[in-house]
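Welcome, and please open the structure in your viewer. We will go from stop to stop, selecting a few residues each time and looking at what is there.

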Amino acid sequence: MYTMLDPMSADPAPAAPNPASARTPAPSAILTASRVADGRAVYLRLDRVWSEALRDAGPLPDEASQQGALEWARGLEGEICDPYLMKVRAQSDGLEPISARERIRALGPGWIRQRFGYQV
Amino acid sequence: MFRYEPRDEQLLRERASQFRDQIQRRLSGELTEAAFKPLRLQNGLYMQLHAYMLRLALPYGQLRSEQLRALASVSRRYDRGYAHITTRQNVQLNWIRLEEVPDLLEELAAVHLHAIQTSGNCVRSVTTDALAGVAPDELEDPRPYCELLRQWSTLHPEFAFLPRKFKIAVIGASEDRAAIAAHDIGLRLREREDGEIGFEVWVGGGQGRNPVLAKRLREWLPKAELLSYTEAILRVYNLHGRRDNKHKARIKVLVGALGLERFKARVEQEWERVRAGGLSLREEDLEAMRRHFAPPAYASPPIDSRELRAARLSKDRGFARWADANALPHRMPGYRAVVVALKSPARPPGDLTADQLDAIADLADEYSFGEARTTHRQNLVLPDVESWRLPELFARLEALELASPSHARITDIISCPGLDYCNLASARSIALAEAIQTRFAEPERVEALGELHLNISGCVNACGHHHVGTLGILGIDKQGTEGYQLMLGGSIDPEPRLGKVLGRALDLEGLVDAIDRVMAHYLQVRRSPKERFIDVYLRVGPEPFKEVVYADHPPPRDRDRQLPAPIGRGAPTAGG
């Protein structure tokens with residue numbers, strides 16, 4: 001279950017710890033894409049399963065692992081599209097996207113829908 | 001209104017069927033995203049930040065009540081129970097599942113709605129004045145010409161792959177309520193000295209990162225040559241427009257590169273060839289099209305508006321304020337065109353729920369000959385309402401939370417979807433719109449500020465028309481955080497003008513504060529309530545406003561480590 005971060009908070013709500021990120025103190029990128037069926041943002045886990053939750057994403061610490069994952073994802077036509085590497089930084093409580101765009105995207109559809117009741 | 005013939009309905013059903021096959025092949029992986037993307041775009045389907053978005057065409061913004069009900073139905077069944085009106089009078093659905101798109105399109109085809117040419121590098125849905133046919137300042141109803149352009153441009157094989165998208169707007173009134181100066185081609189019906197009516201042709205307008213106001217290409221064009229001349233312009237653009245750089249591919253760049261005179265010479269030369277090809281319209285064709293837009297059966301003799309006047313004089317200040325702002329003059333005595341405001345802190349500008357769509361369909365049937373229109377400023381219009389019925393219509397709209405007296409006020413915000421929805425955006429627009437709506441929630445204050453156009457774009461693509469807002473706001477990405485630039489002095493009518501950036505970008509709260517200060521200063525320095533904000537700005541220039549915004553305003557907070565301000569935290573939510 002994805003715990004939605006509060007993007008407004010100066011101190012974002014902590015995400016569940018990611019064991020992978022704990023093992024890798026300074027991840028520079030993760031792989032993300034859009035799901036073909038509904039367009040939902042998804043993130044690649046270390047076991048190469050796609051998750052809707054950013055906190056599940058597996059960090060790709062070096063150029064070789066990043067390019068390898070990207071090439072693999074490009075072959076998944078029908079499941080996901082437009083895969084790309086996304087810059088993140090390690091926080092004590094997990095990974096955090098560097099750009100505002102990716103922070104909002106990571107919050108998922110609930111981000112806007114929770115605000116306007118009729119969209120739920 | 002124009003109604004499709006059986007062959008048009010068949011085309012829409014076939015189109016949905018073709019798209020069903022393409023989607024199945026996409027879902028199976030047979031079609032790659034690269035191969036599928038141009039196909040989905042030709043059917044108005046975008047991939048946005050969180051989901052697919054489907055843009056539906058509402059040519060020149062016209063809606064019959066049955067179409068409103070169909071939109072309500074599909075938004076309930078296939079989306080999340082609401083729809084969004086765009087600045088080009090179309091409708092967007094924001095939470096679409098790919099496999100359900102063909103069913104949705106088949107359902108809409110039954111009421112002559114579709115998504116053809118709402119995306120891609122083609123001639124997009126034609127727009128016009130939301131008061132077409134009813135405005136007292138109108139020379140002639142532009143809708144028959146919009147429909148001719150729609151028929152001519154729909155699936156036109158030569159113009160299916162233009163260098164870039166192409167937008168046409170047509171008006172027939174003295175006031176430009178369709179922003180023709182911001183279009184690739186703008187057409188204005190005007191009368192020649194000998195009394196004959198034709199088109200003034202404007203070309204090369206556009207916003208985006210390099211905004212350009214359209215230039216007058218021809219002072220007068222015979223109506224019969226509407227299609228032949230438009231085809232000549234499109235052909236010159238198609239042949240000579242740049243295809244090597246997406247950001248330099250719009251016709252405004254070609255007009256700028258050639259210069260207006262050389263561009264015109266090429267168009268006129270091409271036009272001579274096109275005219276010989278039989279595209280000139282015969283008077284009987286024009287007359288036949290005009291009959292589709294014949295006025296409804298207005299009450300005759302017109303019922304006068306004694307009850308409206310009585311209500312205005314009464315203590316019902318809420319009604320009076322709404323009627324002053326939203327019940328617009330009509331060419332028929334005893335009638336008004338009513339703006340149904342889709343603006344409040346409880347909704348993104350332009351949103352309305354399925355229940356509201358159904359209710360407006362009922363109101364259209366009861367009060368306005370079964371017709372409604374979408375507007376450039378992301379509202380709806382009931383075009384033919386008898387004045388004496390305004391009080392009861394106001395009460396009905398109030399119950400629907402659609403009676404904000406906001407037309408042409410600071411709260412009548414144009415806003416792109418911004419970073420809450422859009423894949424291209426740099427900053428959120430809706431959150432800012434909501435914060436401004438909340439700050440300016442007091443109706444007396446809004447009324448005192450008078451006529452204003454506040455337009456917000458979440459990035460340089462300028463879908464929110466910020467360049468031509470009296471107050472224009474551009475969202476930017478400042479090294480991973482959202483920032484907002486305030487622009488002042490933009491205008492569409494009576495004289496198109498691009499606004500100028502006032503100063504450095506601010507954060508969301510800072511921008512709302514800045515608008516507050518600008519408005520307070522305006523109220524202080526205006527010579528009378530009749531002197532509008534734009535008048536004051538043109539009189540005193542930007543400096544006094546710059547001073548009140550920046551003099552003692554702290555620099556933007558370091559938000560590098562935090563995400564942006566709340567989407568209206570604490571404000572009420574809409575029901576449902």
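## Stop one: two loops

Select Phe369(B), which lies in the loop between α12 (354-367) and β14 (371-374) of chain B. Helices (H or I, at least four residues) and strands (E, at least two) are DSSP runs, numbered from the N terminus. Before going further, note that this is a predicted model: local features need pLDDT of at least 70, side-chain atom pairs count only at pLDDT 80 or more, and totals for chains, interfaces and linings use all residues. Residues are numbered from 1 along each chain as its sequence is written, while chains are lettered from A and ligands numbered from 1 in the order in which they are written.

Phe369(B) is a residue other than glycine with a positive phi, near 55 degrees. Is Phe369(B) buried, exposed or partly exposed? It counts as partly exposed because it has 18 C-beta neighbours inside 10 Å. (A residue is buried if 20 or more other C-beta atoms lie within 10 Å of its own, exposed if 12 or fewer, and partly exposed in between; C-beta atoms are placed from the backbone.)

Next, pick Gln378(B), in the loop between β14 and β15 (380-386) of chain B. Its phi is positive too, near 65 degrees. Gln378(B) is buried, with 25 other C-beta atoms within 10 Å.

## Stop two: a helix with a buried face

Now select α13 (residues 390-399) of chain B, where Leu390(B), Leu393(B), Phe394(B) and Leu397(B) are buried. Look down the axis of α13(B): the buried residues fall within an arc of 105 degrees, so they line one face of the helix. The arc is that of the directions from the helix axis to the C-beta atoms. On the other side of α13(B) you will find Glu392(B) and Ala399(B), both exposed. After α13(B) comes Glu401(B), with a positive phi near 60 degrees.

## Stop three: two helices packed together

Show α14 (residues 430-439) and α16 (residues 508-525) of chain B, which pack at an angle of about 40 degrees with their axes 10 Å apart. That angle makes α14(B) oblique to α16(B). (Angles under 35 degrees count as roughly parallel, over 145 as roughly antiparallel, 65 to 115 as roughly perpendicular and the rest as oblique; axes are lines fitted to C-alpha atoms, for helices over the stretch in contact, and angles run from 0 to 180 degrees between N-to-C directions.)

## Last stop: a cis peptide bond

Finish at Pro494(B), in the loop between β19 (481-488) and β20 (500-501) of chain B. The peptide bond from Asp493(B) to Pro494(B) is cis, with omega near 5 degrees.
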